[in-house]
Amino acid sequence: MILTILEHDRGALDSAAPEALAIAQSIAQQTGSPLAAALVGGDEAVAAGLGAYGVQTVTLVAHDRLGSYIPEAWGCALALLVEKLQPEAVVAAGTDRGNELLAHIAARTGLPLAANVTAVQSGSPYRVTRVRWGGSLLEEAELDGSPALMTVALHTVEPAAAGASLSPAIESFTPELDERAFRVRLVEQAAAREQGVSLASAPVVVGGGRGVGSAEGFTLLEELAALLGGAVGGSRVVTNLGWRPHADQIGQTGTRIAPELYIACGISGAIQHMVGARGSKQILAINSDPDAPIMAKANYTVAGDLHEVLPALIAEIKKAKGL
Ligand SMILES: Cc1cc2nc3c(=O)[nH]c(=O)nc-3n(C[C@H](O)[C@H](O)[C@H](O)COP(=O)(O)OP(=O)(O)OC[C@H]3O[C@@H](n4cnc5c(N)ncnc54)[C@H](O)[C@@H]3O)c2cc1C
C-alpha cells in the first residue's frame with residue numbers, strides 16, 4: 001500500500017493534499033499497490049471524499065488528546081500507524097506540518113526521509129528528484145528505506161484530479177501514546193488576522209517590499225488587492241521592519257504562494273523571495289529600478305515609482321469596474 005498522510009481543517013482537505021496525492025498515485029501505479037490515506041482526527045465526510053482521488057482505504061487516527069496539533073504526539077501516532085500498516089511508501093505534502101510529521105516518523109523508525117520531492121521512480125532503491133537550497137538546486141537522490149518516506153515540494157507537481165468514484169473503506173486507529181509524547185503541548189492558539197482570502201490560496205497576490213516605504217504605504221496595496229479579490233503579502237524586509245506580520249511573508253522562510261497573478265511592488269527579487277513566488281502563473285513587477293533582478297523574472301514589468309503607478313492602476317481598475 002502507498003500511504004498518504006493528509007492535512008484537513010474544518011471538514012475540508014488542505015489545498016496541498018492533491019499534490020501529495022498526485023505523487024502517491026504515481027507510485028501506486030508504478031508498483032501496482034493500492035492507495036491509502038491517513039487523517040489525524042479526520043471526519044468521515046473528508047475520508048469518503050478521498051475516493052474521488054482513487055484512495056481505497058482511509059484510516060482515521062482517533063485519540064482524545066490529538067484534537068489540536070501536537071507535533072511529537074501526532075508524529076508518534078503516525079509512526080505507530082506506519083508500523084501497523086507496513087506500507088511500501090509514505091507520502092505527505094511538503095507543508096511545514098507535513099515535513100515536521102514525516103521527520104518525526106523518520107526519527108522514530110530510523111528510516112531516511114526525502115523532503116520536498118518533485119518526481120519519484122519506485123524501485124530498490126527509490127530514485128527521487130527533490131528541491132534543495134531554497135529551490136535553487138534540483139537533486140537526484142536515492143532513497144533506500146522501507147517504507148520510502150517522502151514529502152512533496154509545494155506547487156511543483158500538478159495536483160491530482162478528483163475524478164474517480166470509489167467509496168473507500170474507512171477504518172479507525174487509536175494509538176497507545178505514553179505521557180512522553182505530550183511533552184510539548186499546545187497552550188494557546190491565536191487566530192490569524194482575518195484577511196478574507198488566505199495568502200497561500202489567493203488567486204491574486206499583491207506583494208510589497210522595502211520600496212513601499214512604510215506600514216502605511218501598504219494601504220495602496222490593500223486597496224488594489226481588495227479590488228482584485230486578492231491577498232496582500234510582503235518580503236522579509238517588510239516583516240523584519242514590522243510593517244507587516246510574519247504571516248504575510250512570502251518566500252523561503254515564509255508562505256509559498258501560487259496565484260494566477262502576483263503583483264510584486266518595490267521588491268528586488270532576491271532568490272529567497274522568489275522561491276516562495278515560483279508557483280505564480282504570471283508575475284507583474286513594479287520597480288523604480290529597471291535593472292532590479294525581479295524585472296528579469298517577471299512576465300510583465302513597470303519601471304516606475306509604485307506610489308505613482310499603483311494609484312494610476314487602481315483608478316483604471318475602478319473605472320473599468322464602474323466604481
Ligand atoms: C536564509 C534567508 C532566508 C530568507 N528568506 C526570505 C523570505 O522568505 N522572503 C523574503 O522576501 N526574503 C527572504 N530573505 C531576504 C532576501 O535575501 C532579501 O533580503 C529580501 O527579500 C529583500 O526584500 P526587498 O525586495 O523588500 O528589499 P530590497 O532588496 O531592498 O529591494 C527593494 C526594492 O524596491 C525598489 N524600490 C525602492 N523604492 C521604490 C519605489 N518607490 N517604487 C518602486 N520600487 C522601489 C528597489 O529598486 C529595490 O529593487 C532571506 C534571506 C536569507 C539569508
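Helices and strands here are DSSP runs numbered from the N terminus, with at least four residues (H or I) for a helix and at least two (E) for a strand; two strands pair if DSSP finds at least two bridges between them. Across this pair, Ala114 stands opposite Met150 of strand 10. The model is a predicted one, in which local features need pLDDT of at least 70 and side-chain atom pairs count only at pLDDT 80 or more, while totals for chains, interfaces and linings use all residues. Residue numbers start from 1 along each chain, as its sequence is written.

On to the partner with the opposite sense. Strand 7 is joined to strand 8 by four bridges, and these two run antiparallel. Gln121 stands opposite Arg127 of strand 8. The hairpin of strand 7 and strand 8 has four residues between the strands, and Gly123 takes a positive phi near 150 degrees there. The loop between strand 7 and strand 8 also holds Pro125, which is joined to Ser124 by a cis peptide bond with omega about 5 degrees. Back in strand 7 itself, Asn116 has a phi near 60 degrees, a positive value in a residue other than glycine. As background, most residues other than glycine have a negative phi, and most peptide bonds are trans.

Strand 8 (residues 126-132) also pairs with strand 9, in the antiparallel sense and over seven bridges. Here Tyr126 has Leu143 of strand 9 as its bridge partner. The loop between strand 9 and strand 10 contains Pro147, and the bond joining Ser146 and Pro147 is another cis peptide, with omega about 0 degrees.

Strand 14 (residues 261-265) and strand 15 run parallel and are joined by five bridges, with Ile263 opposite Leu284 of strand 15.

What about the ligand? It is surrounded by 28 residues, and the closest are Gly209, Gly211, Arg236, Gly251 and Ser268; a residue counts as near if its C-beta atom, placed from the backbone, lies within 6 Å. Helix 6 (236-240), helix 7 (271-277), strand 15 (282-287) and helix 9 (306-321) each give two or more residues to this shell. By class, the shell has 16 polar, eight nonpolar and four charged residues. In this count Ala, Val, Leu, Ile, Met, Phe, Trp, Tyr, Cys and Pro are nonpolar, Asp, Glu, Lys and Arg are charged, and the others, Gly among them, are polar.

Stepping back, the protein is divided into domain 1 (2-182) and domain 2 (204-321), with bounds that come from an automatic or database domain assignment. The domain centres, taken over C-alpha atoms, are separated by 33 Å. Five residues of domain 1 are in contact with eight of domain 2. The side of domain 1 that touches domain 2 has four polar residues, one nonpolar and no charged ones.

In total, the secondary structure comes to nine helices and 16 strands. The C-alpha atoms fill a box of roughly 60 × 40 × 40 Å, taken along the principal axes. The radius of gyration is 21 Å, which agrees with the value near 20 Å that a compact globule of 323 residues would have; the radius is taken over C-alpha atoms, and the globule rule is 2.2 Å times the number of residues to the power 0.38.

Definitions and conventions. Contact = placed C-beta atoms within 7 Å.
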